Amino acid sequence: MCGIVGYVGPRDCSDVLVSALTKLEYRGYDSAGIAVFENGKIEVAKTKGRLSDLKEKMEREGKPQGHAGIGHTRWATHGEPSDVNSHPHSGRRVTIVHNGIIENYKQLKQFLLENERDEFLSDTDTEVVAQLLDFYYDGNPIRCIRKVLHELRGSFALGIVFADRPETVYAVRCESPLIVGQGQGEVFIASDVPAIIKYTKDYYLLEQGEIAVLKNGAVQFCTLHGRMLEKELKTADFDEDSAEKGGYPHFMIKEIHEQPTAVKTTITPRIEGGMPNLSECGITPEVLEGFNNIFIVACGTAMHAGMVGKYVIEKLARVSVTVDIASEFRYRDPLLTPDDLVIIISQSGETADSKAVLNLVKGTGAKTLAIVNVKGSSIAREADMVIYTHAGPEIAVASTKAYMVQLSVMYLLAFEMAYAKGRIDDEECKRLTLELVRIPEVIQHTIDRIENVCRYVSTKLITADSLLYIGRGLDYALSMEGSLKLKEISYIHSESYAAGELKHGTISLITDGMPVIAVATQNSLFEKTLSNIKEVKARGAMAIVICDQKADIGFDCANYIIRIPQISEMLMPMVATIPMQLLAYYTSVNKGNDVDKPRNLAKSVTVE
Ligand code: F6R
């Protein structure tokens, strides 16, 4: 999704803006631009394409020289990616960058046209905001911004410069995240902390409807109603190194390798005396005991973590769990009661549909629990309870370590809930918890053992047009994620299928050489899955099997076998995830794709 940055300080503003935008590239974008005060005038440079295209353009045509300005990476929503639709957009005296969507832009445009403002150059909703600001501007920027904010509908964040207010940047947040970084004599705005971490770790989090004024290396805040605000300065708990590739060729492979640490950091503070303890998140056995039904709602990979959670919670705690896609749940008038718990899982904590579910649940009496990675994000702040995953910044668009830590939290929750419901005694709870504590080591060992195998097997996938992932039970839940990971970065069509369901239609797709990746880590279901593997192999499929070291399977049944360490069946997903991530990664690398920034995708999906 779009990224916003801004700067006021002694450095070369264009360089700072481009460098900060580079750190937001992971969000996905198709054009980029900046606006900088040069000798009291706003100079704009923008282009369709990557930041490298913008840099080339500035080398050719001249880079704006100055010390205050705003910048943007655009992920097209209104109007195709083009030079003219790129941000910044300007009215006569106002230039802005914008993240999010203005829902009523058509009505506002009509209003402007009726009032003799017909200077629209682009198809964007953003330009309407620029023109509207201009229309109301009477020399008082704050009054003008407040007036316009009252007229805009949607979720958005804006960076604004006024031509007659040189060296000053205004910023406002309405739903879409925005932070203000405070350095030594310099200030920044950004959609996300990693954008400015190179310059400062100290930042303010703008809240709903708050306006920031950046001037003379300092910042002032006021509310939508014009009241001045003192805000708490926060400090990021990661540094530039963790937001960089650290010697790896891509963020994705770095993040795969970070998983042992991410899991350890996530679970260690939540274990006390060998038992899970989520009380710092407001979750006690008494609280958990009271819930009769659980709904897990999320999007994409986070929803897949919920699928694993369903199996584990239902099996251990015997509580009914429904997993739903946020964009479906919000429109299906769900039946919720005060005895229900709605768990929202989100890496970013800003996903529009997941956020909407949170708002919908409020008022039903059901309690909400957010499992979120980004501190202070909207979902984390608005839920009744929150468990932060401690994966650190996840930059690659394809989620890996965030999924893994979401799984680890699902297990902790299942153990604690099973204990609270009296389904397991403390001895069993401690045994399960201990196994989870040992998982980071097993993940590390698995990566070390199978990375090269996966790299090799991936060479067999690159020519495929289409493939299937199959599994049963937890392996099926897991294969959904394996399939998504592979398709999103390799661009090979892939579907995940419950292995036993194949013969009810889908098996007709099998042709000679079509890859079928079978996840067969559940011992109790192994024989059944093995039969399905034989069925597809007999019809010409190239069978790739992910199973444990002891699984009784040979090359008569499979073309390639990826063996992973054997641990208890229930925890296998945390290990079996690794080969699926590595297969996706190396297939994408071997196809020469842009692994960290797959086409059409954005890291944080802040639009519906
Ligand atoms: C895929 C991926 C997405 C996200 C989804 C939800 O690799 O990352 O499917 O899982 O967009 O995002 P969050 O977790 O930020 O709510």
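Predicted model: local features only at pLDDT ≥ 70, side-chain atom pairs only at ≥ 80, totals over all residues.

User: Is Thr-266 buried or exposed?

Analyst: Thr-266 sits in helix H7, residues 259–267; helices here are DSSP runs of H or I with at least four residues, strands are E runs of at least two, and both are numbered from the N terminus. The scale calls a residue buried under 20% relative accessible area, exposed over 50% and partly exposed in between, using a 1.4 Å probe and protein chains only. With a relative accessible area of 0%, Thr-266 is therefore buried.

User: Which backbone oxygen lies 2.8 Å from a polar atom of the side chain of Thr-266?

Analyst: A polar contact is a pair of N or O atoms within 3.5 Å; within protein, one must be able to donate a hydrogen and the other to accept it, and residues adjacent in sequence count only if both atoms are side-chain atoms. For the Thr-266 side chain, the backbone oxygen 2.8 Å away belongs to Ala-262.

User: What is the distance between the side chain of Tyr-388 and the backbone nitrogen of Gly-376?

Analyst: Tyr-388 belongs to strand S22, residues 385–388, and counts as buried because its relative accessible area is 19%. Leaving out residues up to four places away in sequence, Tyr-388 touches Thr-266 and Gly-376, among others; contact means heavy atoms within 4.5 Å. The Tyr-388 side chain reaches the backbone nitrogen of Gly-376 at 3.0 Å.

User: Which residues come nearest to the ligand?

Analyst: A residue counts as near a molecule or strand if one of its heavy atoms lies within 4 Å of it. There are 15 residues around the ligand, and those that come nearest are Ser-346, Gln-347, Ser-348, Thr-351 and Glu-488.

User: How much of the ligand's area does the protein bury?

Analyst: One oxygen atom of the ligand is 2.7 Å from an N or O atom in the side chain of Ser-348. An oxygen atom of the ligand is also 2.9 Å from a polar backbone atom of Ser-399, and a backbone N or O atom of Val-397 lies 3.4 Å from a ligand oxygen. Taken alone, the ligand exposes 400 Å², and the share of that buried by the protein is 89%.

User: Which elements give two or more residues to the shell around the ligand?

Analyst: The ligand takes up the space of the second largest pocket. The elements that give two or more residues to its shell are helix H9 (300–317) and helix H15 (474–490).

User: Is Ser-458 buried or exposed?

Analyst: Ser-458 lies in helix H14, which covers residues 426–458. Beyond four places in sequence, Ser-458 touches Leu-583, Tyr-586, Thr-587 and Asn-590. Its relative accessible area is 0%, so Ser-458 is buried.

User: What is the relative accessible area of Asn-216?

Analyst: Asn-216 is in the loop between strand S12 (211–215) and strand S13 (218–222). Although not a glycine, Asn-216 has a positive phi of about 50°. Asn-216 counts as exposed because its relative accessible area is 70%.

User: And what is the phi of Glu-175?

Analyst: Glu-175 falls in the loop between strand S8 (168–174) and S9. Glu-175 is partly exposed, since its relative accessible area is 26%. Although Glu-175 is not a glycine, its phi is positive, at about 80°.

User: Which peptide bond is cis, with omega near 0°?

Analyst: Look in the loop between strand S4 (68–74) and strand S5 (89–90), where Pro-88 is placed. The cis peptide bond, with omega near 0°, runs from His-87 to Pro-88.

Notes: Residues numbered from 1 in each chain as written. Heavy atoms only, no water. Areas by Shrake-Rupley, 256 points an atom, 1.4 Å probe, with all protein chains shown as cover. 1 Å grid on protein atoms, 1.4 Å probe; cavity = no way out; pocket = protein on both sides within 12 Å on 5 of 7 lines; lining within 4 Å. Sits in = over half its atoms within 2 Å of the grid points.
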